[in-house]
Amino acid sequence: MAEFFKNIFDIIAGFFMQLFLAFSDIGLGDIIDIIVVAFVIYKAIGFFKETRAKILIKGLLLLGFAWLIAQWFNLITIKWLLVKFFDYAIIAVAIIFQPELRHALERVGHSSFGWLGSGHKTAEYDDLKKSIDDTCKACGSMQEQQIGALIVFERSTPLGDVIATGTELDAAISQELVGNIFFPKSPLHDGGLVIRGTRAVAAGCILPLTTNNQLSHELGTRHRAAVGMSESSDSVVVVVSEETGKISICINGTIERDFTPITLREKLYQELLEEKEEPKAVSIFKVLKNKLFSKKNKTEESLKEGGDGK
């Protein structure tokens, strides 16, 4: 028994000694390398967790586990099949994950570093806020009348290919314009309205349908087009149901339903206005600037009063 415990102790001591030696050889470059790789893996997991790709990843992990079992029990045929599969796995993953990979690369390419810039002008922010308000009012009116609508808010992903399928407008957003576009029997009411910033750039646009079979059967073509549009871009898509009058929002391939004009406005503010706000650094600079000028004005006033007193 003593011999058994001694062997276990030697194994544990050897393990910790190897671990200590491994960490003793780690330099600053190795630490940076580990942190960067860990961050990339963390972001990748978070991204794929929000998409349908997580199901495919589970399948690949199961195949990897099957390969380990085949390796352990020396199952020659299964090992050969799995090795041949993994030889072409990179190409297969690129094809299967094409929408997700495209979305991820677009996110990286359009990453916002607003803290380095001077921010957007207040006028542009107010105009965008007014456009959202008018759109929400129009959606509220269409909800009461049960008029179907499909509105796409473009963000960082350009939607030129979708805009080309419709009729170009380039008009300022207003409640009346949105209501007239989706008025029944209007030539443009069947397609989608694409909004870029504060402008309605095109209407009657054809949107890609989702291939997600897990959506509720209650959702018709309009809702499936909205989900498909949000899957292939980072746009925010608003849907008003013609049958029920319910308002829904689609973002990143997911759909949220039962919005009111008020909650719709809050959601659009959250998704579209946050990136338009001026960075905190700029706001702090303005506060310090105002305080500096206020102190300067007070000093000039006190000197002036002192001079008048003389």
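This is a predicted model: local features need pLDDT of at least 70, side-chain atom pairs count only at pLDDT 80 or more; totals for chains, interfaces and linings use all residues.

Trainee: Which residues of H7 are buried?

Mentor: Among them are Leu128, Ile132, Asp133, Asp134, Cys136 and Met142. Their cover includes strands E1, E3, E5 and E6, along with helices H9 and H11.

Trainee: Let's take H11, then. Why is Glu271 called buried?

Mentor: Glu271 is found in helix H11. Buried means under 20% relative accessible area, and Glu271 has 17%, so it counts as buried.

Trainee: What does Glu271 touch, leaving aside its neighbours within four places in sequence?

Mentor: Glu271 is in contact with Arg155, Val236 and Ile251.

Trainee: And why is Glu168 called exposed?

Mentor: The cut-off for exposed is over 50%. Glu168 has 65% relative accessibility, so it counts as exposed. Glu168 lies in strand E2, residues 167–172.

Trainee: What is Glu168 in contact with, beyond its neighbours within four places?

Mentor: Ile163, Val201 and Ala202. As for Val194, that residue is 26 residues away from Glu168 in sequence and 9.4 Å away in space, C-alpha to C-alpha.

Trainee: On to the sheet. In what order do its strands come?

Mentor: The order is E2-E4-E3-E1-E5-E6-E7, with 7 strands in an open sheet of mixed pairing.

Trainee: What makes E2 and E7 edge strands?

Mentor: Each of them pairs on one side only. Neighbouring strands in this sheet are turned by 20° against each other on average, direction ignored.

Trainee: How do you know that E1 and E5 pair?

Mentor: Two strands pair if at least two bridges are found between them. E1 and E5 have 5 bridges, in the antiparallel sense, so they count as a pair. Ala149, for instance, stands opposite Val240 in E5.

Trainee: What about E1 and E3, parallel or antiparallel?

Mentor: Parallel, over 4 bridges. Val152 has Val194 in E3 as its bridge partner. E3 is also joined to E4 by 4 bridges, but those two strands run antiparallel. There, Ile195 stands opposite Ala200 in E4.

Trainee: What makes E1 "mostly covered"?

Mentor: The count does: 6 of its 6 residues are buried. Ala149, Ile151 and Phe153 point one way from E1, Leu150, Val152 and Glu154 point the other way, and all are buried.

Trainee: Which strands does H10 touch where it packs on the sheet?

Mentor: H10, residues 221–231, touches E1, E5, E6 and E7, and its direction makes about 175° with that of E5. H10 is mostly covered too, with 9 of its 11 residues buried. Those buried residues include Arg222, His223, Val227 and Met229.

Trainee: How many aromatic pairs does the structure hold?

Mentor: There is 1 aromatic pair, formed by Phe85 and Phe86.

Trainee: Why are Phe85 and Phe86 called partly exposed?

Mentor: Buried is under 20% and exposed is over 50%, with partly exposed in between. Phe85 has 35% relative accessibility, so it counts as partly exposed. Phe86, at 31%, is partly exposed as well.

Trainee: Last one: how many helices and strands does the chain have, and what share of its residues is buried?

Mentor: The chain has 12 helices and 7 strands, and buried residues make up 29% of its 310 residues. Its accessible surface comes to about 20,700 Å², of which 64% belongs to carbon and sulfur atoms.

Key:
Residues are numbered from 1 along each chain as its sequence is written. Side-chain values use heavy atoms; hydrogens and water are left out. Buried means under 20% relative accessible area, exposed over 50%, partly exposed in between (1.4 Å probe, protein chains only). Contact means heavy atoms within 4.5 Å. Accessible areas come from the Shrake-Rupley method with a 1.4 Å probe; for residues, only the protein chains shown count as cover. Rings of Phe, Tyr and Trp (its six-membered ring) pair if their centres lie within 6.5 Å; planes under 30 degrees apart count as stacked, over 60 as edge-to-face and the rest as tilted. Axes are lines fitted to C-alpha atoms, for helices over the stretch in contact, and angles run from 0 to 180 degrees between N-to-C directions.
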